[in-house]
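Me: I'd like to learn how to read a structure feature by feature. Could you walk me through one?

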Amino acid sequence: MDTLDDWFPYDRYRPHQREMLELAAACAREGGIAMIDAPTGSGKSSVVSALLAESSGRKVIVAVRTVSQLTTFLRELGMVRDRRGGALKFAYLVGKGSMCPLGGEGDVYRRCEGVKAFSTALMRERAQKGSLIPANDRQIRQQIRKMDTEHPLICPYFIHAKSYIEPEDAGLRQIPSAALRVRAERLRNEVILPEQLAKFCGDICPYETMMHAAREADVIVVNFHHLFDDAIREQLYQSLEIDGGAALLLIDEAHNCGEVVQSIESVGLSERDIEQAGHELAHQRKASREADAIRNLLPPVARFMEMLKGSQETEDWFDPAIFQRMIMKESLYQSMEAIVDDLLKISEGIREQNIKAGEFRESAIERLCEFFYRIFRSAADRAYLTVYRKDDDGNVALEVRNIDPSTKLQEIAQAHAACVLISGTLSPIESYRRYYFGDLAVRTLSLPNAFPAENRLILCANDITTAYSMRRDPQNLARLDATIRAFATLPGNLAIYFPSYDLLNTFAERSAKAVRGKQVFIEPKNTAEANVALREFLSLPGQRRSGILFAVCGGKWSEGLDYRGEMLSGALVIGLPLAPFNRVRRMVIEYFRMKFPEEGEFISYTLPAINRALQALGRVLRTPEDRGVLVLGEKRFLEPRVKGGLPPWMQEEMRACDSDALTRAVRAWK
Ligand code: SF4
């Protein structure tokens with residue numbers, strides 16, 4: 001029988017790595033859930049070897065959040081395959097959003113659904129006339145040439161992916177084209193990275209190729225949406241004939257699961273959606289008897305939003321009962337249930353019509369339908385909170401927000417034969433266990449940091465804070481400035497992270513002038529601009545220059561980026577990056593206090609802040625050779641509850657110091 005060693009692709013195990021892999025292997029063997037907190041450098045990607053060693057022919061599904069994590073797993077699996085003499089097939093699926101080469105307006109999934117239906121009808125028609133290879137058919141090619149590229153009705157990439165056969169005992173059958181099959185086979189057996197895929201697939205749909213490769217793969221790497229979105233997962237498992245109950249699931253960067261599930265489970269409604277829904281319903285009056293009745297609901301919804309504009313808050317809770325009363329009062333409906341039923345009927349009709357017409361955007365009616373359904377459910381389920389948000393221009397949007405991802409996470413974990421969650425920042429692991437899985441039995445493991453301790457200096461300022469009551473205190477501000485100035489004297493590229501854009505802007509203005517000999521970069525809100533600036537920052541060490549980032553915790557420059565070697569030599573987190581406190585936050589905390597009387601506030605409020613800080617600091621030390629200084633610029637990190645939330649190795653190594661001692665320690669660091 002195969003052992004872990006037979007699947008492990010390296011010469012030797014890293015410190016504590018074997019312990020981690022054995023826990024994962026036991027989970028795969030015996031079933032259940034395991035959570036592993038494994039700092040950078042623990043070799044956590046090798047957990048996939050442990051699952052394979054115990055898979056006994058079962059499929060392994062790996063869920064990742066970013067393309068860079070996906071690439072890490074593809075490289076790891078490539079090595080496992082070499083170790084196994086080539087006997088391992090793996091494939092990956094990336095969302096159509098980043099892979100689909102067909103242009104056009106609207107939602108890519110809808111567009112795909114529509115063009116595939118239309119292309120299939122056309123290919124079938126031609127195949128019935130004997131043209132079994134659609135890509136070679138003159139008429140189809142002509143239609144493609146004439147097509148309006150902004151509103152495509154046919155997908156040439158899909159057409160190249162299909163052909164037809166006519167078995168003697170059955171009618172016409174659509175099958176993957178020979179060209180697609182060849183590529184899919186190579187995709188399963190070579191390491192072709194996502195950025196190489198479009199070129200590799202040429203005129204064949206990359207998504208169809210990935211799907212075909214996945215069908216016979218032993219391991220499939222998917223993104224979080226493929227796993228956590230029920231509709232996408234169910235469709236995917238069905239078309240790949242995956243039985244979750246017989247598959248092993250590995251979730252990477254599991255500290256992000258909660259947030260991703262919450263965003264998938266939440267639904268928003270803007271003033272533009274209401275306006276758009278009105279136009280859509282006007283066109284439905286002939287086709288649907290219910291359209292007028294539903295249209296009469298829109299003015300009260302708009303009035304409800306208008307009423308909220310008077311509020312001073314930018315985010316607050318609204319009472320769903322008042323919302324429902326306002327809507328029902330002016331309508332002919334007897335219940336919300338009846339409204340949802342009618343909305344569902346109309347939205348399905350609109351969806352079909354739109355797809356036929358080559359219009360692939362999600363309709364406002366569909367959104368309205370989803371919103372009403374959720375708001376109706378929110379009355380009975382406290383895990384959903386009704387919230388409104390006001391933007392800088394005073395526009396109001398309503399949202400039914402999921403605040404507790406545990407039901408969905410438990411459902412997904414239990415629907416698989418075994419589920420292993422790993423992350424470099426899943427600390428404290430017991431809190432994450434309760435947050436995600438409540439009372440379920442879960443194996444947990446928290447590993448020490450495997451990198452040499454002498455390569456890092458960890459400091460925590462004991463005399464500065466961004467606590468609201470102290471933000472204007474002149475002495476506190478002077479010490480904050482002194483800490484930033486002292487930190488900025490460290491050699492190499494550095495990053496300073498703030499709890500919010502407001503504080504970032506305040507301090508960037510105050511402190512940037514005092515930075516000597518480093519190019520200053522301030523995180524812009526615009527993603528494209530942020531990417532350009534980051535590339536320039538990372539290129540500086542190669543030119544024997546250095547820079548300093550002023551960024552936001554949880555922002556574009558703080559998570560999921562790998563600043564190896566000299567790219568980043570130190571990080572300072574100013575403040576405890578708590579989410580702004582308002583009535584919504586209070587309600588979330590109350591909900592979790594009901595669930596976990598002792599720990600509810602910590603889990604729902606402090607834990608995400610600690611995680612944001614750890615993620616930001618975690619950019620610095622990415623390999624055993626990296627050296628760097630990590631500073632927590634906030635005295636609240638020394639409070640027992642908060643300090644206890646840091647990884648044990650960090651608690652042990654962290655030195656508390658005032659701004660003078662910090663200046664001395666920074667100077668002494670070589
Ligand atoms: S079939 Fe492929 S190329 Fe065509 S629309 Fe769908 S994802 Fe895009």
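Reply: Here is a tour of sheets, helix packing, a ligand shell and some backbone details. This is a predicted model, in which local features need pLDDT of at least 70 and side-chain atom pairs count only at pLDDT 80 or more, while totals for chains, interfaces and linings use all residues. Residues are numbered from 1 along each chain as its sequence is written.

Me: Let's start with sheets. In what order do the strands of the open sheet of 7 strands come?

Reply: In general, strands of a sheet pair through backbone hydrogen bonds, either parallel or antiparallel. Strands here are DSSP runs of E of at least two residues, and helices are runs of H or I of at least four, numbered from the N terminus. Two strands pair if DSSP finds at least two bridges between them. In this case the order is β16-β17-β15-β18-β19-β14-β20, with parallel pairing. The edges are β16 (519-522) and β20 (655-657), each pairing on one side only. Neighbouring strands are turned by 20 degrees against each other on average, direction ignored.

Me: How many bridges join β15 to β17?

Reply: There are 5, between residues 494-498 of β15 and 547-552 of β17, running parallel. Within this pair, Tyr497 stands opposite Ala551 of β17.

Me: And which strands does helix α24 touch?

Reply: Helix α24 (residues 501-511) packs on the sheet against β15, β16, β17 and β18 (570-574), and its direction makes about 150 degrees with that of β17. Contact here means C-beta atoms, placed from the backbone, within 7 Å. Axes are lines fitted to C-alpha atoms, for helices over the stretch in contact, and angles run from 0 to 180 degrees between N-to-C directions. Helix α27 (residues 600-617) also packs on the sheet, touching β15, β18 and β19 (628-633), at about 160 degrees to the direction of β18.

Me: What is the strand order of the open sheet with 4 strands?

Reply: That order is β8-β11-β10-β9, and the pairing is antiparallel. Its edge strands are β8 (267-270) and β9 (315-317), and the twist averages 25 degrees from one strand to the next. Inside it, β10 (residues 384-390) and β11 (residues 396-402) pair over 7 bridges, with Arg401 of β11 as the bridge partner of Leu385.

Me: On to helix pairs. At what angle do α23 and α30 pack?

Reply: Two packed helices are described by the angle between their axes and the distance between the axes. Helix α23 (residues 474-487) and helix α30 (residues 659-668) pack at about 5 degrees, with axes 9 Å apart. That makes α23 roughly parallel to α30 (angles under 35 degrees count as such). Arg479, Ala482, Thr483, Ala486 and Phe487 of α23 meet Ser659, Leu662, Thr663 and Val666 of α30.

Me: Which residues are closest to the ligand?

Reply: Among the 14 residues that surround the ligand, the closest are Cys100, Cys112, Cys155, Tyr157 and Cys205. To be counted, a residue needs its C-beta atom, placed from the backbone, within 6 Å of the molecule. Helix α6 gives the most to this shell, with 4 residues.

Me: Last one: which peptide bond is cis?

Reply: Most residues other than glycine have a negative phi, and most peptide bonds are trans. The bond from Ser427 to Pro428 is cis, with omega near -5 degrees, and Pro428 is in the loop between β12 (418-423) and α22 (429-437). Ser56, not a glycine, has a positive phi of about 45 degrees; Ser56 lies in the loop between α3 (47-53) and β2 (59-64).

Definitions and conventions
Angles under 35 degrees count as roughly parallel, over 145 as roughly antiparallel, 65 to 115 as roughly perpendicular and the rest as oblique. Two residues are in contact if their C-beta atoms, placed from the backbone, lie within 7 Å.
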